[in-house]
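Here's a quick tour to read with the model open beside you.

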Amino acid sequence: MTKKQRAAIVISELEKLYPTVPVPLDHKDPFTLLVAVALSAQTTDRKVNEITPALFAVADTPFKMQKLDVSEIKELIKEIGLANQKAKNLKRMSELLIERHGGEVPHTFEELESLPGVGHKTASVVMSQAFGIPAFPVDTHIHRLMTLWKLTSGKNVVETERDARKIFPKELWNKLHLQIIFYGREYSPARGKREGDFITRMLNP
């Protein structure tokens with residue numbers, strides 16, 4: 001089976017399972033999405049969604065966020081991993097959004113990745129989900145499944161992203177990366193039973 005044939009099966013099966021896919025992180029605009037994605041590093045989306053309502057109640061814009069002390073931000077996000085560093089990043093990120101972009105979230109990878117706490121994956125999520133610009137954010141679920149499905153031999157998420165962008169049609173990227181994440185969580189968890197992982201079985205009979 002060629003990679004192209006494998007990719008076609010993946011696209012078809014995921015579309016049957018997840019014809020519509022919500023963004024897993026609760027948000028209302030590009031800034032709150034940027035904050036939520038930045039907070040999600042080494043933390044589950046569920047946990048981020050538990051703590052962001054209190055955070056956004058007092059700081060749902062860069063202007064409000066930059067007025068808070070780092071200690072105040074930390075207190076609001078203390079239940080998630082790396083809270084110390086993330087609090088500092090949110091404060092400085094907000095200041096830079098105001099200084100450089102008038103309080104708006106920029107639309108380019110270069111500008112997003114220049115912000116504290118914003119790596120390529122975070123920038124990709126914001127570009128795809130906030131602005132509809134084609135991007136293929138690769139997390140550990142996608143990296144693992146792309147390897148299981150023999151769609152990449154990438155040793156890391158950077159190489160896997162490169163392969164995904166070659167294999168899958170650009171117009172599907174924004175939806176497909178979420179479909180793969182949902183599939184991984186439901187049918188092929190990193191830890192635990194994977195009896196339901198039928199796509200992997202289809203591709204590796």
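Helices here are DSSP runs of H or I with at least four residues, numbered from the N terminus. With that naming, glutamine 42 sits in the loop between α2 and α3. Keep in mind that this is a predicted model.

**How α2 and α8 pack**

- Helix α2 covers residues 30–39, and it packs on α8 at an angle of about 150°, the two axes being 10 Å apart.
- Angles over 145 degrees count as roughly antiparallel, and α2 and α8 are therefore roughly antiparallel to each other.
- The crossing of α2 past α8 is right-handed.
- By class, the contact of α2 with α8 brings together nine nonpolar and two polar residues, with no charged ones.
- On the α2 side, the residues that meet α8 are Pro30, Leu33, Leu34, Val37 and Ala38.
- Their partners in α8 are Thr122, Val125, Val126, Gln129, Ala130 and Phe131.

**How α1 and α11 pack**

- Helix α1 (residues 3–17) meets α11 at about 75°, again with a figure of 10 Å between the axes.
- That angle makes α1 roughly perpendicular to α11.
- The contact of α1 with α11 has seven nonpolar residues, one polar residue and two charged residues.
- From α1 come Ile11, Leu14, Glu15 and Leu17.
- From α11 come Lys175, Leu176, Gln179, Ile180, Tyr183 and Tyr187.

**Aromatic rings**

- How many aromatic pairs does a search of the whole structure find? The search turns up six.

- Serine 124 is in helix α8, which runs over residues 120–131.
- Is serine 124 buried or exposed? Its relative accessibility is 1%, so serine 124 counts as buried.
- Setting aside neighbours within four places in sequence, serine 124 contacts Phe109, Ala135, Pro137 and Glu161.
- Isoleucine 51 is in helix α3 (residues 45–58), and at 6% relative accessibility isoleucine 51 counts as buried.
- Not counting residues up to four places away in sequence, isoleucine 51 touches Leu39, Leu76, Ile77, Glu79 and Ile80.
- Between isoleucine 51 and valine 125 there are 74 residues in sequence and 20 Å in space, taken C-alpha to C-alpha.
- Isoleucine 181 is in helix α11, and with 9% relative accessibility isoleucine 181 counts as buried.
- Which residues does isoleucine 181 touch, not counting those up to four places away in sequence? They are Asp139, His141 and Ile142.
- Isoleucine 181 and tyrosine 18 are 163 residues apart along the chain, and 11 Å separates their C-alpha atoms.

- Glutamine 42 has a phi near 55°, which is a positive value in a residue other than glycine.
- At 71% relative accessibility, glutamine 42 counts as exposed, the cut-off for that being over 50%.
- Lysine 150 isn't a glycine either, yet its phi is positive, at about 55°.
- Where is lysine 150? Look in the loop between α9 and α10.
- Lysine 150 counts as partly exposed, since its relative accessibility is 48%.

Methods
Residues numbered from 1 in each chain as written. Predicted model: local features only at pLDDT ≥ 70, side-chain atom pairs only at ≥ 80, totals over all residues. Heavy atoms only, no water. Helix = DSSP H or I, 4+ residues; strand = E, 2+ residues; numbered from the N terminus. Buried < 20%, exposed > 50% of the residue type's maximum accessible area, 1.4 Å probe, protein only. Contact = heavy atoms within 4.5 Å. Axes fitted to C-alpha atoms, helices over the stretch in contact; angles between N-to-C directions. Parallel < 35°, antiparallel > 145°, perpendicular 65-115°, else oblique. Left-handed = near helix turned anticlockwise from the far one by under 90°. Nonpolar A, V, L, I, M, F, W, Y, C, P; charged D, E, K, R; others polar. Phe/Tyr/Trp six-rings, centres within 6.5 Å; stacked < 30°, edge-to-face > 60°.
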